[in-house]
Amino acid sequence: MTTPTAESALAASDAVLDREETISRDELEALQLSRLQHTVAYAYDRVPLYKRKFDEAGVHPTDLRELSDLGKFPFTTKEDLRLEYPFGMFAVPQQEVARIHASSGTTGRATVVGYTKKDLADWAKLVARSLRASGVRPGMKVHNAYGYGLFTGGMGAHAGAEALGCTVIPISGGQTERQITLIQDFKPDAILATPTYLLTIADAMMKQGIDPASTSLKYAVLGAEPWTEEMRHELETTMNIKACDIYGLSEVMGPGVAGEAVETQDGSHIWEDHFRPEIIDAFDPSVVLGDGEPGELVFTSLTKEALPIIRYRTKDLTRLLPGTARPAHRRMGRITGRSDDMIILRGVNLFPSQIEEIALRIPELSPHFQLELTRPEGQRMDQLTVRIERRESVTAEVVASAAKVLQQQIKIHVGSSCTVDVVEPGSLERSNGKLRRIYDMRPKA
C-alpha cells in the first residue's frame with residue numbers, strides 16, 4: 001500500500017493559492033468589515049424582511065461600525081426563509097437571478113435560494129479553493145457522486161471542479177453498481193460524495209470481489225453530513241485515499257463555505273473573505289461565544305447579491321479554532337451534531353455522531369447503524385435501541401461480547417442506557433446520499 005500522506009504533502013506544495021488565502025488576519029478583518037457594512041445596508045434596502053426585522057430590533061446598518069457590532073442585529077432562521085417562500089428573500093429582480101436551488105422540503109415548506117451570475121462565479125471559485133486545499137489539482141478526473149438537481153451539492157461541486165480545471169464525471173448519487181463500473185473504467189483521481197455513501201460504494205466493491213484500495217482514487221472530498229475521525233480512518237484505510245471535509249449549506253451558499261486542507265486534516269478553514277462566522281450559545285442565542293467555545297454556528301454572507309443572509313442560525317454545533325494551513329482563516333471543529341438532530345433521552349443529550357465514534361473503536365462492529373427511539377405501551381420512559389451490523393469476518397460467538405462492550409461504552413461516555421441489537425452484514429439501509437440515522441417511533445403527542 002502506498003502512503004497517501006507523502007503524495008498529499010507533495011500535492012499541497014505545488015498549489016497556487018488565491019491572494020485572499022495568504023493575507024494577514026488584520027487585512028482579512030478589514031476586508032470583512034468593509035464587506036459586512038455593505039451587505040447589511042444592501043439587505044436592509046432590498047429585502048423587506050430585513051428592513052422589518054432590523055426596525056423591530058431597533059438597529060440600523062449605520063450601527064455597524066466594527067465587527068463586534070454584528071451581534072446587535074437579529075438572526076435569520078430557516079423559518080424566515082419558509083415564510084418568505086418562494087422569492088421574498090431575493091434582493092435582485094427576477095431577471096438578474098441566474099439559478100434557483102431549494103431544499104427538499106421534507107420537514108416543511110422548502111427553502112428557496114437564488115444566485116446571480118456573480119454569485120455563481122464566486123461559488124465556483126470557493127468550491128475550487130476547497131477542492132484544491134483538499135489535494136485536488138487541475139487536470140485530475142473528478143467523480144462527482146453528489147446529487148444533482150435542486151440540491152446544491154451536485155451542481156455546486158461540479159462547477160467548482162470545472163473552475164479548478166478538472167475533468168468532471170457527473171454521475172450524481174445512487175446507481176452504486178454503475179458508480180463502481182465508472183470508477184474502474186474512467187480511473188478518476190478524486191471522488192466527491194457524502195461519507196456514508198462512499199462507505200456504501202466501498203462495501204459494494206468488496207461484495208463484487210474488488211479491493212477498494214486498488215482503485216485509481218487518491219482523494220475524497222466529503223460533506224453534507226457530520227462524520228467523525230473514526231469514519232475518516234475507516235475510509236482512508238479501506239480505500240487507500242486521503243479523505244477531507246467540505247462544508248456548506250444552501251441557505252449560506254452551498255458546498256464550499258469551508259474546506260479542509262489535506263496537509264493538516266485538522267478541520268475545515270472557513271473562507272472568511274466571503275463569510276463572517278459566529279458561535280452562539282444554542283440555549284441562550286443572545287450570548288456570542290469566544291473562539292474555542294462549543295456552540296451553534298451562525299453565518300453572515302459578505303458578497304452575495306441575490307440572497308444576502310444576515311446571522312443565519314445553521315443549527316450545526318461546533319467551535320471556531322485558529323487557522324493552520326490558512327492562518328488568517330479560522331477553522332471549524334468537527335460538527336458534533338445538529339441542535340435539531342439532538343436526541344434527549346431520559347434527560348441526556350445524545351447525537352448520532354457520538355454513537356459512530358464509539359462503535360468504530362470496536363473492531364467487531366461496522367459503521368452501519370441506526371438509532372430507534374420507542375416508548376413501550378404503558379411506560380413513561382423512552383427506550384433507545386442501537387441496531388448495528390457486525391463485520392463480515394465476525395462469528396456469532398463474538399457478537400454478544402461486542403454488543404456488551406458497545407452498550408457499556410455508550411453508558412460511560414454518553415451517560416444513557418440503551419439496548420444493542422447486532423444484525424447481519426448488509427441488512428440495514430444503505431445511503432444513496434444523505435443517510436437517515438434516527439428512527440423515532442415514539443407515539444405522537
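Biologist: How many residues does helix 12 have, and how far does helix 12 reach from its first C-alpha to its last?

Modeller: In this predicted model, helix 12 runs over residues 396-413, which gives it 18 residues. At 1.5 Å a residue the expected reach is 26 Å, and the computed distance from the first C-alpha of helix 12 to its last is close to that, at 26 Å.

Biologist: Where around the axis of helix 12 do its buried residues lie, on the same side or on opposite sides?

Modeller: The buried residues of helix 12 are Val 399, Ala 402, Ala 403, Leu 406 and Ile 410. An α-helix has 3.6 residues a turn, so residues three or four places apart point the same way.

Biologist: Which exposed residues does the face turned away from the buried side of helix 12 carry, and what covers the buried residues?

Modeller: On the face turned away from the buried side, helix 12 carries the exposed residues Glu 397, Ala 400, Lys 404 and Ile 412. The cover over the buried residues of helix 12 includes helix 11 (352-359), strand 19 (365-374), strand 20 (383-390) and strand 21 (419-423).

Biologist: How many nonpolar, polar and charged residues are in the contact of helix 3 with helix 4?

Modeller: From helix 3 come Val 40, Ala 43, Tyr 44 and Arg 46, which meet Pro 48, Tyr 50, Lys 51, Phe 54 and Asp 55 in helix 4. By class, the residues of this contact between helix 3 and helix 4 are six nonpolar, no polar and three charged.

Biologist: Is Asp 80 buried or exposed?

Modeller: Asp 80 has its place in helix 5 (residues 78-83). Leaving aside residues up to four places away in sequence, Asp 80 touches Leu 49, Lys 53 and Phe 75. Because buried means under 20% relative accessible area, Asp 80, with a relative accessibility of 10%, counts as buried.

Terms used:
Residues numbered from 1 in each chain as written. Predicted model: local features only at pLDDT ≥ 70, side-chain atom pairs only at ≥ 80, totals over all residues. Heavy atoms only, no water. Contact = heavy atoms within 4.5 Å. Helix = DSSP H or I, 4+ residues; strand = E, 2+ residues; numbered from the N terminus. Nonpolar A, V, L, I, M, F, W, Y, C, P; charged D, E, K, R; others polar. Expected span 1.5 Å × (residues − 1). Buried < 20%, exposed > 50% of the residue type's maximum accessible area, 1.4 Å probe, protein only.
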